[in-house]
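Take a first look at the protein shown here.

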Amino acid sequence: MRAKIGILKGDYIGPEIIAEAEKVLTCIEKKFNHQFERTYLEASGEAFDKYGKHLPEHTIIEAKKCDALLKGPFGGPPEDINHPKWSGVEQKAILPLRKHFNLYNNLRETKTIAPLIHLSPIKEKIVENVNIVIVRELTSGIYFGQKKEEIINGEKIYSDTETYSESEISRIAVKAFEIARKRRRKLTLVAKSNVLKSSLLWREVVERISKDYGDVKLDYMHVDNASMQLILNPSQFDVILTSNMFGDILSDEASVLLGSIGLLPSASLGDSTFGLYEPIHGSAPSIAGKNIANPISAILSVALMLRYSFNLENESKHIEESIFSVLEEGFRTQDLFIEGDDLSKVLGTAEFGDKVCHKIMISD
Ligand code: IPM
Ligand code: MG
């Protein structure tokens, strides 16, 4: 097949891990005879340096011509939080990108990686069968609701508003039921309906839609309980459906089950096959430029792109299985290394990418 991919390299470790993702993309092209045209799109730090803007108009125009986007993490060091280059990059680049392309359906998968199970801070018997998809609403809720800065009686009062409409909930709920239907047919809606009005609407709308999905078992959980259950008994979950903010928090928590946030990719989708694929972690300034960052989340982002935007399930599986077998052979990036592992099998970012490519090329 032919497709055009827009690449936003991101900041700090972004370009290093995206280079490995691209390497893997090239292997897939060669092995399966596809053509993935690539176009590099300027955003975040590099765009700010050149144009004084984090998401210039021409980036959006070029991105619209693509079939899918592959993105590295955006953002700077925590100590530079007030520097104009980095302050508000979330509001200026990340959120507008999601909103502009109407990418309301954010999928974050947490699946036990057997060769790395010992990295989990949770007991092995609890995490051995984890396979969860978090379906996070991504273009509404408190992230996009009305924000206010007021001074009342000489005191600053700032507020953010959690707002959801029926249609915003129903479109993501349908996506979640469809996913659950292809998996273990269990959907857990996570909200806070004992306190929040908007959560009551989530319950009402999702229960209504569940009537069309009699084959999927719908459960409800308050978010505080869900965050506890994710640690106590994570294998009870199949698909979790939740709002923007709760999904942000729960997906970081879920990544802990695997022992490293460097392993988790995400897909952000809308109504078409166009999607944005990116690691869920940040730009890790302290380890940038040293060839030690873990490229797995970026490489797995390519696997998700092949699956969701291009319907290339076989190619996607090849990537996932190749990563798995490289890890099974004991190869690690530094972040995955623990005492007792074979030091000679610790690889740099680029060497890890090479190993994965080699596996893809020799696999059946
Ligand atoms: C994520 C990130 C973003 C979010 C930030 C960087 C705006 O934490 O993708 O999980 O909160 O959505
Ligand atoms: Mg987050």
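C357 is buried, because its relative accessible area is 8%, and buried means under 20%. This model is predicted, so every value here is computed from its coordinates. C27 is also buried, with a relative accessible area of 9%.

Now step back to the whole protein. Its secondary structure comes to 12 helices and 14 strands. The chain has 364 residues, and a compact globule of that length would have a radius of gyration near 21 Å. The protein has 20 Å, so the value agrees with a compact globule. Along the principal axes, the C-alpha atoms fill a box of roughly 60 × 50 × 45 Å.

Buried residues make up 53% of the 364 residues. The protein exposes about 16,300 Å², and carbon and sulfur atoms supply 52% of that area. Charges come next. There are 45 positive and 52 negative charges, and their mean positions are 3 Å apart.

Find L138 first. L138 lies in the loop between strand 5 (131–137) and strand 6 (147–152). This residue is buried, because its relative accessible area is 0%. Leave aside its neighbours within four places in sequence, and L138 is in contact with R98, L103, Y104, N106, F144, N244 and S268. R181 is 43 residues away from L138 along the chain, and their C-alpha atoms are separated by 21 Å.

Move on to G270. This glycine lies in the loop between strand 11 (265–269) and strand 12 (275–279). G270 is buried, with a relative accessible area of 6%. Not counting residues up to four places away in sequence, G270 touches N102, L103, Y104 and K175. G270 and T139 are 131 residues apart along the chain, yet their C-alpha atoms are separated by 10.0 Å.

Is K192 buried or exposed? K192 is buried, because its relative accessible area is 18% and the cut-off for buried is under 20%. Its place is the loop between strand 8 (186–191) and helix 7 (197–210). Beyond its neighbours within four places in sequence, K192 is in contact with S199, Y220, H222, V223, D224 and F246.

Finish with the backbone. Most residues other than glycine have a negative phi. S44 sits in helix 2 (residues 44–51). With a relative accessible area of 0%, S44 is buried.

R185 also has a positive phi, near 60°, and R185 is not a glycine either. Look for R185 in the loop between helix 6 (166–181) and strand 8. At 42% relative accessibility, R185 counts as partly exposed.

Note on methods:
Residues are numbered from 1 along each chain as its sequence is written. Chains are lettered from A and ligands numbered from 1 in the order in which they are written. This is a predicted model: local features need pLDDT of at least 70, side-chain atom pairs count only at pLDDT 80 or more; totals for chains, interfaces and linings use all residues. Side-chain values use heavy atoms; hydrogens and water are left out. Helices (H or I, at least four residues) and strands (E, at least two) are DSSP runs, numbered from the N terminus. The radius of gyration is taken over C-alpha atoms; the globule rule is 2.2 Å times the number of residues to the power 0.38. Buried means under 20% relative accessible area, exposed over 50%, partly exposed in between (1.4 Å probe, protein chains only). Accessible areas come from the Shrake-Rupley method with a 1.4 Å probe; for residues, only the protein chains shown count as cover. Lys and Arg count as positive and Asp and Glu as negative; His and the chain ends are not counted. The place of a charge is taken as NZ of Lys, CZ of Arg, CG of Asp or CD of Glu. Contact means heavy atoms within 4.5 Å.
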